[in-house]
Structure formats: C-alpha cells, structure tokens
There are 2 protein chains.
Amino acid sequence: MPEAPASPRPASRARSRAPLGLRQPPWWKSYRRGHFVADLLAGLVVAALLVPQAMAYAMLAGLPAQAGLVSCLAPLVVYALLGTSRTLSVGPVAIVSLLVADGLAMLGPLSTERALAAAALLALEMGLLQLAMGLLRAGFLVNFLSHPVVLGYTSAAALVIAFSQAKHLLGLAFPRDVLPWETLVSLATHVGETKAIALLVGGGAIALLALFPRVMKKLLARAGSPRWLRALAPRCAPLLVVVGGTALAYAFGLHASAGLAVVGEVPPALPSFELPAIDLELLRALLPAAAAIACLGFLESYSVAQTLASRRREHVHPSRELVALGCANLASACTGGFPVSGGVSRSMANAGAGARSQVASLATALFVLLTVLALTPLLRHLPRAILAAIIVMAVAPLLDLGAARRIWKYSKADGWALIATFVGVFALGVGSGIAVGVLLSLSIYLARSARPHIAVVGRVGDSESYRNVKRYQVHVDPRVLAIRIDENLMFSNVRYLEQRIPQLVAQKPGLKHVLLIASGINLIDASGLRFLELVSEMLASGKVELHLAEVKGPVMDKLERADFPARLGRDHFHLSTHEAMERLAPSESSG
Amino acid sequence: MPEAPASPRPASRARSRAPLGLRQPPWWKSYRRGHFVADLLAGLVVAALLVPQAMAYAMLAGLPAQAGLVSCLAPLVVYALLGTSRTLSVGPVAIVSLLVADGLAMLGPLSTERALAAAALLALEMGLLQLAMGLLRAGFLVNFLSHPVVLGYTSAAALVIAFSQAKHLLGLAFPRDVLPWETLVSLATHVGETKAIALLVGGGAIALLALFPRVMKKLLARAGSPRWLRALAPRCAPLLVVVGGTALAYAFGLHASAGLAVVGEVPPALPSFELPAIDLELLRALLPAAAAIACLGFLESYSVAQTLASRRREHVHPSRELVALGCANLASACTGGFPVSGGVSRSMANAGAGARSQVASLATALFVLLTVLALTPLLRHLPRAILAAIIVMAVAPLLDLGAARRIWKYSKADGWALIATFVGVFALGVGSGIAVGVLLSLSIYLARSARPHIAVVGRVGDSESYRNVKRYQVHVDPRVLAIRIDENLMFSNVRYLEQRIPQLVAQKPGLKHVLLIASGINLIDASGLRFLELVSEMLASGKVELHLAEVKGPVMDKLERADFPARLGRDHFHLSTHEAMERLAPSESSG
C-alpha cells in the first residue's frame with residue numbers, strides 16, 4: 001500500500017505546531033528557594049567572567065573600557081524579561097565587537113565621544129533590524145550561512161582579533177589598520193619597538209589564564225571542596241589577572257616608570273537613559289555593519305541558546321529570540337552602550353554553574369553594577385596588555401583547525417567554501433569574506449542540485465513494477481521513453497533537464513511518447529511549469545507526445561491553476577506508470 | 001524488491017554521457033545541393049532583418065549605426081565555425097545593447113571615438129568571460145536566473161528600451177538618462193517640444209511594421225506564391241521602412257526643411273582587424289557590465305538555440321556554446337564591433353525560413369557585407385525615428401503581461417520574484433534589478449527548503465511497514481521516536497531540524513531512543529554531519545540514544561570518512577526500520 005502523497009504545506013503545518021512545542025510551563029511556576037541559590041551562584045560566576053571580558057571587548061571595538069560595562073546592564077535585564085532561553089547570557093562578545101570596530105573604522109578617525117555615539121547608533125540600527133527580522137519571521141536568512149562558512153569566518157575572525165591584540169601584548173603603538181593583512185604588515189614593521197614590560201605582563205597573564213583553571217580544578221577536587229567553589233574558582237582567572245595586573249601596575253608605577261600602556265582615566269559611567277542622536281547620514285553609512293552584526297550576532301547567540309536548551313529538553317524560539325536580542329540592543333543603545341549578543345563561553349559557564357532561570361542573568365547584572373560602582377576608580381591603572389591577553393585567550397578556541405581538517409576530509413566542496421571564507425575574511429574583511437563564502441556555498445549547492453537524478457525505467461518481467469534500466473533487467477518498449485525524475489522541478493534544475501531530455505529522445509528514433517513519472521516530485525515552481533510547456537512543445541514539433549504519471553495531488557492542483565492539464569490534454573495524465581504503459585504501448589506488442 | 005540506492009554521482013555520470021549525446025554526424029557529411037539553396041534563402045531572410053536591426057541596436061547602445069553592421073560580420077563567421085547550433089544567428093541584440101548603453105553611461109559623457117573603443121573593450125572583456133565560463137563549465141551559473149526573474153527583466157527591459165526610443169519617435173532632443181525612471185521624467189518635461197514630422201515618420205513606420213507581415217502573408221498565400229517568397233517577403237518590413245524612410249527623407253529634404261533627425265554622416269566602415277587598446281582602469285570600470293552581458297547574453301542565446309535544436313532533434317552543448325559565443329565576441333572586439341549574442345527573432349526567422357546548417361549564417365554575413373559596401377553612403381539620410389520604430393516593434397513581444405499574469409496565478413512566490421525584478425530593473429537599472437530578483441528567488445527557495453518534510457512514523461499492524469502517524473493507524477512505542485526525513489541533510493535545512501527534533505523529543509517523556517530513517521537522504525553535507533553530531537550530543541546529555549536506519553551506501557561511505565559511525569557506535573546503524581525497532585523496542589512489550 002503506497003503512502004498517501006506528502007502534505008502540500010509542511011512549512012505552514014510545522015509553523016502552526018511550533019507554539020505547541022513551546023508550551024513549557026513558565027519557569028516561575030516551579031521556582032523554589034534552591035533554584036534561587038543556584039541562580040545567584042551562576043550569576044556570580046558569569047559576572048566574574050563578564051567584567052573583564054566586557055572591558056576587553058569594548059577596547060577591541062575601539063571604545064573606552066567602561067562602555068563594555070555599561071553594555072552589560074540594561075541588555076542583561078531586557079533579555080531576562082523577553083528571551084526564551086533560560087541560560088543565555090548576553091553582553092559584549094568578541095566577533096560582534098570586531099564587527100563594530102570594522103563599522104566604526106569605515107567612518108574614518110573618530111574622537112572617543114563620536115565613536116561612542118556612533119556605536120550607540122549602530123546598536124540602535126542593528127537592534128531595529130533584529131526586531132524587524134523577528135517580527136517578519138526572517139530568521140531563516142541565517143540558513144545562508146552553512147557550517148563551513150561559519151567555521152571559516154569564526155576561525156579567521158579569531159586570528160584577526162588575535163593579530164589586532166598582538167600590538168598591545170608587544171607594547172607597540174600604531175594606528176588601527178582597516179584590513180587584517182595590513183595589521184600583519186604594521187606588526188612586522190614595528191616589531192623592533194617591542195616593550196619588554198608589556199610582553200612580560202601580557203605573557204604572564206596568558207600563562208595564568210591557561211594554567212589557573214586546570215590547576216584550581218585539580219586542587220579543589222583533591223581537597224573535596226563544595227560544589228559552588230568548584231564552579232566559581234576556576235572561572236575567576238580573568239578577574240584575577242585584572243586585579244593582579246592593576247595592583248602590579250599601580251604598586252610599581254609601571255605606566256610612568258616602564259611606559260606600560262594602561263587603560264587611563266575612566267569616568268565612573270552608570271547607564272543613563274537617553275536616545276542616541278539620530279543622524280541619517282551616519283545610519284546609512286553604518287547599515288552594512290548593522291546588517292552583518294544583526295545576522296552574525298543572532299546566529300552565534302541562537303546556536304548556543306539552542307544547544308543549551310536541548311540539553312535540558314527546553315526550547316528556544318528563533319523569532320522570539322530575534323525580538324529579545326533586538327530589544328536588548330535597543331536597551332544598550334539607549335543607555336550609552338554598543339551592540340551586544342548572547343556569548344558562547346559565558347552562557348556555557350552560566351549553564352555549567354547550575355543556572356536554573358533568567359534570575360541568574362538578573363544576578364549577573366546586579367554583580368556587574370556593584371563592580372562598576374566599586375571598582376571604576378581603580379581601572380585607570382589596568383594594563384592594556386592584560387585586556388589583550390584576556391581577549392586572545394577567549395577567542396583562541398574559535399580557531400578550530402581540527403574541525404576544518406575534518407570538513408576538508410569529509411567533503412571537498414564544503415572544504416573549499418571554508419577556505420574561501422577564511423581567506424576572504426583575512427584579505428577583504430569579515431563582511432566581504434562571508435559574502436564570498438556564502439556565494440561559493442550557494443554556487444556549489446546550485447551546481448549540485450542543477451543535475452537531478454533521473455532514471456530511464458523499463459518493466460520488470462510481467463510485473464507492474466518499472467525500474468531503472470541501468471540497474472535491472474527490464475523490458476523497454478521502443479515507442480515509449482519512460483523517465484522518472486527524482487527531484488522537484490525547479491529553476492535550479494530545469495535547464496539541465498531541458499538539455500538532457502532531448503538527448504534521451506534523440507537516442508530513440510521510433511519514439512512516439514515520452515512519459516514523465518512524477519512520483520518523486522513534491523513541487524513544480526514557475527520555471528518547472530515553463531519546462532513542462534517547453535518540453536511538450538518541443539516534442540510535439542517532432543511528433544512525440546508528452547505524458548505524465550503519478551503526479552501528486554497538491555502538484556496537480558497547482559498545475560490546474562495554470563490550466564496545464566487542459567492544454568496538454570487530460571488523457572495525457574495517468575494515475576500509475578503501469579496504467580500509462582498499458583495505454584501507450586499495449587503489452588501484446590511490447591514483448 | 002526495493003530499488004538499489006540512487007547512484008552517488010548522477011552529475012559526473014551525466015557529464016560523461018553528454019559527449020555521447022552529441023555524437024550527431026557533422027552537418028557537412030550529409031550536405032546536399034538542396035540544403036545549399038535553403039541556406040542561401042534563409043541567409044537572405046536573416047540579412048533583411050539583421051541590417052536594419054543591427055543599425056538600430058547600435059544606436060540603442062549609444063554608438064554610430066555602422067558599428068552595428070560591423071558587429072555582424074566576423075561574429076557570424078566565427079560562430080558558424082565554432083557553434084553547436086545549426087540555426088542560431090548571432091549579432092547585435094536588443095537587451096545586450098541596452099546593457100552596453102548602461103555600461104558606457106557609467107563612464108560619463110564620451111566622444112563617439114571613445115565610445116567605440118570602450119564598446120570594443122567591453123566585447124573583449126565579456127568574450128573572455130564567456131570563454132572562461134565555457135572552459136570552466138560554469139554555464140550552470142545562469143541557473144541562478146529563474147524563469148520569473150528572466151521574464152521580469154526582459155519585460156522591464158522591453159519597457160525601458162521603448163521609453164529610451166520614445167524621444168526619437170517624438171523628435172525630442174535631451175541627453176540620455178542613467179536610470180529608466182529618469183527617462184520618464186525627461187520625456188514628461190520635454191513632451192511639449194514634440195516634432196510632428198518625427199511622429200509622422202515614426203508612427204507610419206510602426207504601422208507598416210505591424211501590418212505589412214500579416215497583409216503580405218495573406219496576399220502571398222492567396223496568390224499561391226512559391227515557398228521562398230512566402231518566407232522572405234513578410235520579413236522584409238524593417239528593410240522596407242529603412243529604404244522607404246531614407247528615400248522620403250532624401251527626396252523631400254526632411255532633415256533640412258522639417259528638422260527631422262537623421263543618422264548623419266556614416267563613413268563606410270569595413271571591419272579592420274586590430275586589437276582594442278587595453279586600458280586596465282577602463283576594464284575594471286566595465287567589469288560589472290561585462291559580467292552581466294556575458295551571463296544574460298548567453299542565457300538568451302542558449303535558450304533559443306536549445307529550443308530550435310530540440311525541435312529538430314539536434315543538440316546544443318552549453319559549454320561549447322559559451323566558448324563559441326565568447327570567440328564571436330572576441331572577433332567582434334578585434335574588428336571594431338561591440339558585444340553580440342544569439343538573437344531570438346532572427347534565429348527563429350532563420351530556422352523558419354528553412355536554414356539547414358551554419359552555411360546560412362555565412363550567407364547572411366555575405367549579404368550584410370554587400371549591403372555595407374553598396375548602401376553605406378545612403379544611410380546618412382536614414383531618419384532616427386525609423387530606427388526607433390524598428391527597435392520598439394522588435395522588443396514589444398518581450399513585454400509579456402499574459403505570461404506574468406499566469407505566473408502570478410500559478411505561484412505567488414514566483415510572482416513576487418517577477419515583480420521585484422521588474423520594479424528593480426525599472427528603478428535601479430538592469431544589473432541591480434536582476435540582483436534583487438535573484439536574491440529574492442534564492443531567499444524564497446531557501447525559506448521553502450529550510451523546512452523539509454519530516455514524518456514521525458509508527459508500525460502498521462503486525463507488518464514490517466512504518467508509516468506517518470498522522471495519516472495511518474499505527475502502533476507507536478513510547479521508548480522510541482522514529483522520524484523519517486524526506487530530504488537531504490544540508491545547510492539549508494539543518495537549522496530547522498535542530499529546532500524541530502528537540503521539540504518532538506520533549507513531547508515523549510519516557511523516551512530512550514531516537515531513530516532517524518534515512519531512506520530519503522541522498523546527500524549529507526558538512527552542515528548535515530555537524531547536525532548529526534550535535535543531535536547525538538544533545539540527546540546523550542538527556543540520556544537518549546541516536547540511531548539511524550536505511551542509510552544509503554554512498555552516504556554511509558562519506559560518513560565513514562568523518563569516522564562518524566565509529567564515534568556514534570556501529571550498533572546504532574540499522575539496515576531497516578523494522579530491524580531497528582525490533583532491537584530497540586522488542587515487540588513482546590510494544591503492545
């Protein structure tokens with residue numbers, strides 16, 4: 001018994017089901033005191049990571065360190081209220097900050113004040129874009145970014161970020177370059193001016209960041225420490241190097257005595273609500289960067305939210321995530337912050353530390369706020385080399401050569417897409433590099449789907465089965481060419497079929513009928529309809545008739561709308577292949 | 001007996017077969033005297049159309065009329081020697097000329113001499129691009145252009161061309177505008193300056209062009225005229241209006257007396273072989289136009305060549321067509337011509353007049369050459385309104401509102417792609433408009449393919465069949481979630497599955513195993529592999545195991561390359577769904 005034809009609209013059905021899948025009880029219905037303690041601990045763990053990272057990513061974006069702290073507060077609260085993930089932690093993230101730096105670099109040299117204003121405007125614009133994408137359910141646009149492209153750009157971005165920080169680790173001073181390879185050239189020309197003290201402080205920080213977590217884990221496990229300490233302590237390394245580095249620099253006056261670059265004067269910056277000044281010219285100039293950040297930020301954030309939710313059998317919803325992220329960015333823009341997104345490492349830490357609900361994020365916001373109030377005056381002594389070390393260690397895991405090698409081994413086509421994206425990002429910048437990778441992916445995809453699998457079939461013995469002539473011993477009637485097309489008839493493949501079918505026809509001189517077996521066709525788009533019209537016309541001019549068999553119900557309905565069955569002749573449509581063959585080449589003469 | 005799995009490489013198999021399909025005997029092997037007579041007649045018919053069209057399209061491109069005649073000769077000969085179509089007629093065509101005009105407009109105002117040099121360089125560049133696309137077998141790139149997009153841009157181009165000619169039909173004089181809608185504005189502001197004589201001559205020509213063929217056909221059929229006359233005479237209308245218009249203008253001195261715009265001084269221009277001056281700056285500026293012309297010219301040319309060949313059970317080969325067209329354009333560039341392509345109307349006329357081989361094109365070239373030698377001195381009196389009338393009537397059939405309405409009725413998604421392209425071409429120019437349409441098509445395609453059809457299946461009675469739980473009365477075991485995915489696992493759809501599968505899992509609290517039935521999967525790309533890894537990881541963290549059944553041989557081979565079966569566990573792969581279900585949920589307890 002054959003299965004009923006596939007439903008015409010899996011998409012709309014799936015969409016109508018999506019809310020059902022989301023009917024998980026809201027977290028506060030089952031919230032207990034134990035949960036609150038867990039959330040407080042997770043909030044503290046994330047804050048310990050977030051404070052140093054936020055400052056570092058602000059400087060990566062070309063902004064003062066405190067802009068990073070400001071960008072944590074309102075977005076954390078807004079996402080906690082609107083987001084569908086219980087454990088996602090939003091705030092400044094590395095790749096978004098790199099894109100912000102690229103976007104601001106397009107505007108030419110800016111004063112700190114203008115850079116801050118432009119960054120807020122960028123957050124406003126990308127927030128509006130994410131909001132619009134969410135309301136229009138356009139999250140599927142990130143499907144353009146295949147896994148190899150994502151891996152290519154994240155790996156390249158990690159390298160680019162590392163190179164951009166190398167100058168701080170070496171204590172060099174040269175203006176920011178626009179393209180990644182230019183940074184390499186600048187590094188090479190200035191490497192002779194390396195300052196030993198910066199190298200020492202930065203290198204020490206890197207060593208501490210690399211070793212501290214492992215050593216702490218072992219020590220605490222051996223000492224049988226309580227769970228909360230084992231969750232918190234290994235993740236305090238960034239905070240420790242910040243505190244330690246600042247103390248060192250302050251105690252020994254390293255800035256004055258050895259010329260160690262420090263963050264410098266940091267006015268205590270509490271978020272203040274004010275709409276960024278709207279400048280249409282600036283908005284237009286920032287649009288490409290805003291669009292790139294809206295998509296890439298969402299992609300990174302959604303991926304980690306989904307991974308974390310699935311592990312706990314919870315759901316995140318792409319459109320609602322876009323809306324929540326969009327609003328978080330609007331909140332950032334209106335409080336003097338810059339673009340934010342859900343961060344991979346901090347969200348993992350949040351979930352790993354046992355966060356149960358969005359209360360953890362609210363706790364994080366509270367701890368960050370306390371830090372801002374208490375510590376800002378001390379930050380002026382924080383060495384930039386320390387922040388550079390934190391950035392480099394945070395992005396290092398993104399450069400995943402093993403994954404790249406596995407992709408290359410698995411599929412050369414995917415491997416080329418990865419390489420093109422990687423090289424593109426490095427040579428042309430993140431936006432153009434990704435465009436190269438996406439175009440190459442789509443081209444490969446189209447090239448592949450441009451040649452659908454088609455089989456000429458014949459009758460198996462005296463049965464009613466018709467099978468591929470290349471795989472089975474079958475009878476073929478000289479008057480009928482029966483072709484099974486195992487693919488939708490779409491613009492991507494009709495040109496191949498337009499070329500292939502006449503070739504097959506030309507090989508059978510006594511031909512009277514061509515029978516297309518449509519059992520594998522779920523969709524015929526306008527190009528496919530045009531193909532059917534062209535083929536029937538071509539065949540007719542050579543005195544050959546076109547027939548179709550096993551056309552699925554929904555496909556037939558659509559063909560009716562274009563009046564095609566009436567034009568071709570309704571007796572040219574057959575329910576089954578066997579029925580068609582019996583009509584077109586009666587069996588007494590087919591033996 | 002189930003059919004063997006689909007071949008892993010339909011593409012390469014089909015490619016290796018393509019030359020076989022092309023093993024048609026070369027035309028000269030069976031060439032007879034009757035064929036020669038037929039070819040001569042067809043050559044004459046095409047020449048009668050080509051001479052006026054070539055001049056008209058040259059002026060449409062913003063070049064002197066004789067550049068059009070020059071562009072016929074060498075390309076016709078080169079294509080006849082290299083092309084795979086026996087009846088395609090190459091030369092200046094309307095849409096290509098429009099694109100040339102757009103490309104030259106980008107360079108700012110040019111002297112005639114510089115415009116000619118730039119047009120030759122453009123032909124050189126697009127010729128090289130077509131040659132490269134042919135040698136790289138990259139003809140599939142035109143698959144990006146779906147039928148609705150093609151219809152959208154040809155319809156819009158027809159309107160744009162008609163608007164561009166309106167000023168000549170009205171006898172107006174204003175500089176060429178860059179964007180189509182600007183031309184409309186200019187027309188509206190200058191319409192008060194309409195010259196009656198231009199309107200009269202142009203209107204008369206249009207009436208003659210519209211009526212003459214029909215009247216002649218009827219008259220000749222009634223008179224029982226010979227076949228050759230019936231083929232030739234109705235197609236002489238453009239030639240007649242050129243000769244008649246020139247004679248009128250000359251006899252009454254309409255240029256001097258009534259201010260009728262004429263073509264003006266035409267130096268007798270025979271093709272002279274010389275390489276266009278290579279100017280790298282100019283080449284770079286012309287690159288977008290060259291790329292657009294290379295693709296759109298090939299698309300138009302190949303479509304008509306294929307249609308004509310199929311009617312006669314002959315073949316054209318896309319890559320060889322690209323090479324032949326590329327060489328024809330190089331020949332045009334080296335003889336002072338501009339970009340050419342295979343023309344739809346002239347090729348149809350060629351085939352309709354009975355052309356048997358490429359000799360017809362050689363004959364056309366000869367007749368055009370004779371015309372150039374004999375008539376050039378007379379052309380200076382040719383009214384521009386006549387050429388405008390010829391262009392308008394030639395492009396009018398491209399504005400196919402009926403086809404657009406049918407597409408809209410057939411599929412709204414395709415209809416929107418058409419409308420977007422049409423509006424885009426009109427508002428932004430041909431290149432950007434097509435880009436809008438292509439991006440929209442691809443987005444719609446991705447949005448559609450982003451939600452593949454998946455079915456949760458259960459066992460039908462005591463059989464070994466497993467069917468969709470929504471369509472059949474089936475047994476479902478609470479410990480196993482069996483999902484059939486009816487689509488390749490690719491970057492375009494894995495994100496939907498990543499979201500959907502956890503939703504399905506969350507609905508079955510007692511779940512132990514998820515079984516993916518891969519009978520419909522012919523390809524798993526790197527994103528698909530990553531999806532499998534993620535899902536198995538997600539499920540494992542919720543103590544659920546991932547299993548796969550009915551994985552096809554070639555797909556399994558590829559998974560082996562990534563070591564996935566070993567990592568998941570080889571006992572997680574099952575030959576059939578039934579075997580898997582027997583293992584995972586033994587039937588004694590499945591009730």
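Me: What makes you say that the copies meet through the same surface?

Reply: 100% of the interface residues of chain A are also interface residues in chain B, so the surface is shared. Contact here means C-beta atoms, placed from the backbone, within 7 Å. Bear in mind that this is a predicted model, in which local features need pLDDT of at least 70 and side-chain atom pairs count only at pLDDT 80 or more, while totals for chains, interfaces and linings use all residues. Residues are numbered from 1 along each chain as its sequence is written, with chains lettered from A and ligands numbered from 1 in the order in which they are written.

Me: How many residues does the contact take from each chain, and which element gives the largest share on the side of chain A?

Reply: Chain A puts in 60 residues and chain B 61 residues. On the side of chain A, helix α20 (residues 494–506) gives the largest share, with eight residues; helices are DSSP runs of H or I with at least four residues, strands are runs of E with at least two, and both are numbered from the N terminus. That side of chain A splits into 24 nonpolar, 18 polar and 18 charged residues. In this count Ala, Val, Leu, Ile, Met, Phe, Trp, Tyr, Cys and Pro are nonpolar, Asp, Glu, Lys and Arg are charged, and the others, Gly among them, are polar.

Me: Why is V430(B) called buried?

Reply: V430(B) has 26 C-beta neighbours inside 10 Å, so V430(B) counts as buried. This residue sits in helix α19 (residues 430–449) of chain B. Leaving aside neighbours within four places in sequence, V430(B) is in contact with residues including L98(B), Y153(B) and A157(B). The C-alpha of V160(B), 270 residues away along the chain, is 9.3 Å from that of V430(B).

Me: What makes a set of residues a nonpolar core, and which residues have the most contacts inside the largest one?

Reply: Take buried Ala, Val, Leu, Ile, Met, Phe, Trp, Tyr and Cys residues and join them through C-beta atoms within 7 Å. The largest such set has 196 residues, and A119(B), L122(B), A157(B), A389(B) and I391(B) have the most contacts inside it. Helix α2 (residues 33–60) of chain B contributes the most to this core, 18 residues. A second, separate core of 193 residues includes L44(A), I95(A), V142(A) and A294(A).

Me: Why are β4 and β8 of chain A called edge strands?

Reply: Strands pair if DSSP finds at least two bridges between them. Six strands of chain A form an open sheet with mixed pairing, in the order β4-β3-β5-β6-β7-β8. β4 (466–468) and β8 (573–574) each pair on one side only, which is what puts them at the edges.

Me: What makes β5(A) and β3(A) a pair?

Reply: Three bridges join them, and they run antiparallel; V456(A) has I483(A) as its bridge partner in β5(A). Strand β5 (residues 480–485) of chain A also pairs with strand β6 (residues 513–517) of chain A, in the parallel sense, over five bridges. There A482(A) is partnered with L515(A). Across β3 (454–459), β5 and β6 of chain A lies α20(A), at about 150° to β5(A); such angles run from 0 to 180 degrees between N-to-C directions, with axes fitted to C-alpha atoms, for helices over the stretch in contact.

Me: How do you know that β6 of chain B is mostly covered?

Reply: Five of its five residues are buried. H513(B), L515(B) and I517(B) point one way from β6(B), and V514(B) and L516(B) point the other way.

Note on methods: Two residues are in contact if their C-beta atoms, placed from the backbone, lie within 7 Å. A residue is buried if 20 or more other C-beta atoms lie within 10 Å of its own, exposed if 12 or fewer, and partly exposed in between; C-beta atoms are placed from the backbone.
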